[in-house]
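Hi,

Here is the structure I promised to pass on. Have a look at it first, then read my notes below.

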There are 2 protein chains.
Amino acid sequence: MPPPELVDLRRLLAEISDLDRARAVLEWDERTMMPPGGTAARAQQIGTLERLKHDRLRSPEIGRLVDVLASYGEDIPFDSDEASVIRVARRDHQKAARIPTKLKEEMALAAVAGEHAWREARERSDFAHFLPHLERNLELKRYYVECFDAADPYDPLLDDFEPGMHTADMAILLNELKEALLPLVAAVREHAEAVDDSVLIGVFPIERQRRVVADLLRSLPIPPDECRIDEAAHPFVTSFSPHDVRLTTRYDERDLAGSILSTLHECGHGFYENGIDSTLEQTPVCRATSYGMHESQSRMWENQVGRSVPFWRNFHKRLEAAFPAQFKGAGAERLHRAFNVVRPSLIRVDADELTYDLHIYLRFELEREMVGGRLPASELPEAWNTRMHEYLGVEVTDDAEGVLQDVHWSEGAFGYFPTYSLGNVIAGQLWDAVNAALPDLSEEIERGNYLPLREWLREHVHRYGRSLTASEIVERTTGGPIAAGPYLRYLREKYGELYGLPAS
Amino acid sequence: MPPPELVDLRRLLAEISDLDRARAVLEWDERTMMPPGGTAARAQQIGTLERLKHDRLRSPEIGRLVDVLASYGEDIPFDSDEASVIRVARRDHQKAARIPTKLKEEMALAAVAGEHAWREARERSDFAHFLPHLERNLELKRYYVECFDAADPYDPLLDDFEPGMHTADMAILLNELKEALLPLVAAVREHAEAVDDSVLIGVFPIERQRRVVADLLRSLPIPPDECRIDEAAHPFVTSFSPHDVRLTTRYDERDLAGSILSTLHECGHGFYENGIDSTLEQTPVCRATSYGMHESQSRMWENQVGRSVPFWRNFHKRLEAAFPAQFKGAGAERLHRAFNVVRPSLIRVDADELTYDLHIYLRFELEREMVGGRLPASELPEAWNTRMHEYLGVEVTDDAEGVLQDVHWSEGAFGYFPTYSLGNVIAGQLWDAVNAALPDLSEEIERGNYLPLREWLREHVHRYGRSLTASEIVERTTGGPIAAGPYLRYLREKYGELYGLPAS
């Protein structure tokens, strides 16, 4: 017999969850549907929902209930719905209780103003226009950090995106990636002529790209009654229930590869949202467990699937049929190679699989230094450009294609970037695990049957929501902690073969 | 210097307004975009937003503020923003304070269940399946009515849609319509051969209808940055700010007239939402003043404009160009006449301009009798069918095309129907007023210039929001009370001429 306090807690949590889902609907609408005239009112509406949610989450009433229920929650199975709800609600409450509503509001206002200024600044490649907003965001984040007793000022920020993970551990992991990738990218660059992507250069009418993407989506195990797909300038996925998932994608007539890979990427996110257990609805557990785990799903569908030989053995026919003039007789191998060209470049979102984590490392370093007060925001462009040269060997001549390219810092989202690389790392580990569990996986993908992969991920990752943390999921599926080894081995093997590198 | 309580009041009202707008976004999404899987979660989310809003509106804190501010509000100009905010907030608070949150919740649950059962019942033409839900809605409405000291139990229900209007006055008005329309429809039926709509019988591919509607919308003074149009099974309009208005329309390949008229109808609603003064945003005044006034706007654009000679002198060319096989050489007069055929029929939403109010009268009578306990819900189908014969001379053989045709009662929306006829009445009065003010209006419409009409309506109706009631707006624009005379004169002249009736 569950204690009566659990009924009260779930009622309050349901209200908070509904407010949060409503906010998500408003944001989805803003980014896919809303006419520009709605901007100002929408910011107010979202701000109000956020404030009501935060006030409720930090209320003494919830504090009392989670404290009373804590020992009950420890006596029942760890990953039961009830124990998970109590544990996660307690964590969320304790974190929210430290943050004054006023600070939360100030951060939200600064984020809106910052993003607005960033758009203008990027348009004109004018960092000075953005600088005061960046400084304001950093100032507010320092107040935010002071609400916690943190060993590293970056810890509370990282924790917002990757609950429970410490900066020191993330730094070790990302450093290991960097140290391995720098020589690997250098070796690939020495054999650059081995891979040719000229077949992808061309103009691909958007109407026809839409049909290719629709075709791809139909072949993926997405329940049409529970998902819809729209277009957005910056693709994203959100959900308002596990049974109401919204995907977005984008088209560029000069970038067919981008629309295919971004669709697979967003589907990976969508499968996660769609796969969380319905019994968790209206609780704080009914969400992806971390940004890194979310990204592991999208990156796996984009890279381990979408950039793989088996996928292209199946999908090349569709591309050839859709764009016969461009691709007639191109064949699976040629397309697979073209989709895997490595070429260090300026823009993170267009980066290939191998150089991607170097873009992340640079951002992780810079934001830690800014948050820690070791790098003044005014010196950011110079630091950016120097390190782009150092890590990627490219020269930044224009801040719009340099330090101003990403939205994250304009919104105060410090601590987000490293979860992209963490996602790659986890994807490498889960990919090993799923291939060990499903020895025929390659053949199934080659037959265009993606269901076994999706079902394995649902069973071992998605359904838990936040019942398990990212490291608990990795521990259960691989028997060990989060580690870069499998991902690096995957990259070395794949690109060693593609570029004909000498075995190391 | 406004009193400090006004600042507090506006802060609380802004929060309530944001919750209400958020709910509207969720409902719009549900009816235009949401995959079916989202239904259950969406009902919860909307329920939570409604409950939070109701709790806030009836809070003692708002009660104290509106009471303290009442005399200040009476000392400043009546239709100033401040006086209006205080007056309208006081009215809303006093009404909400009478209704227990629990009853509000029960009504919301019964509405969701009722609508669901109604859809099934209509599908199978099975009134018995719907009956218990209808009875439950009526029972809850009786509890609702008991929260007020009402002379007539229908008064508080009508007041939800038409603030300040009494049942007795509505009954006089609608009875006057019925008494005038019965002989007029009979006379028209005797001359039925005078108007021929065979030109509209055909199959009109939906893709081409969409282009015609897009063309029509471009010719209307709708700011594209502040509106969007989507498709919905039951067209409606909503807004999330005066600068973010959402129109919907529908297409049926056998009903071209329906898509043109419904687009004009919804535009009429949209102009209203779009025309409310921005200074009223985030207050309860920033809404249409009543359902009747809202409907006056939609019916005016649908009927006084869309079914008029000047409109067709302009628009016939576009229809002829879009569907040359069907309309080549049809001409303005033939199309105008076809769009004005009078033919008593079973379905309200498909009714012509002349018989429409008889459909309403029947519903108004029946719902008053049910609410007053004089007609048991179980006897509703028989009463419906008898009066359909009496008022419209048509035989109902199928409840799906009879008593089950409308969604309103399934959601507990008793008191809504009469506002449709009230809208016709007010449209008749405003149409006289705008034509007196703008003697060239017909010529402008014939030239396809709809801006003067829109601007006059914005100036005299839209911009006020709820600062003025429907009768105050009618009083200011026409110098007298709401009255059926102008509308009936318009109908008699128009249909007398179309059908060649002897002057009465």
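**What I found**

I searched the whole structure, which is a predicted model, and there are zero disulfides over all chains. Take Cys286(A): the nearest cysteine sulfur belongs to Cys227(A) and is 14 Å away.

Now for how the two chains sit together. Turn chain B by 180°, with a shift of 0.0 Å along the axis, and it can be laid on chain A with an RMSD of 0.0 Å. That's the relation of a two-fold axis. Within chain B, the residue whose C-alpha comes closest to the rotation axis is Ala22(B), at 3.5 Å. Both copies use the same surface, as 100% of the contact residues of chain B recur in chain A.

And the interface itself? Here, 37 residues of chain B are in contact with 37 residues of chain A. Together the chains bury about 2700 Å², with 58% of it on carbon and sulfur atoms. Between them I count six salt bridges, including one where the side chains of Glu15(A) and Arg51(B) meet at 2.8 Å, N to O. There are also 15 residue pairs in polar contact across the interface. On the chain B side, α1(B) gives the most, with 10 residues.

Cheers

Notes: Residues numbered from 1 in each chain as written. Chains lettered and ligands numbered in written order. Predicted model: local features only at pLDDT ≥ 70, side-chain atom pairs only at ≥ 80, totals over all residues. Heavy atoms only, no water. Disulfide = S-S within 2.5 Å. Least-squares fit on C-alpha atoms with pLDDT ≥ 70 in both. Contact = heavy atoms within 4.5 Å. Buried area = accessible area lost by both parts, 1.4 Å probe. Salt bridge = Lys/Arg side-chain N within 4 Å of Asp/Glu carboxyl O. Polar contact = N/O pair within 3.5 Å; in protein donor to acceptor, adjacent residues only side chain to side chain. Helix = DSSP H or I, 4+ residues; strand = E, 2+ residues; numbered from the N terminus.
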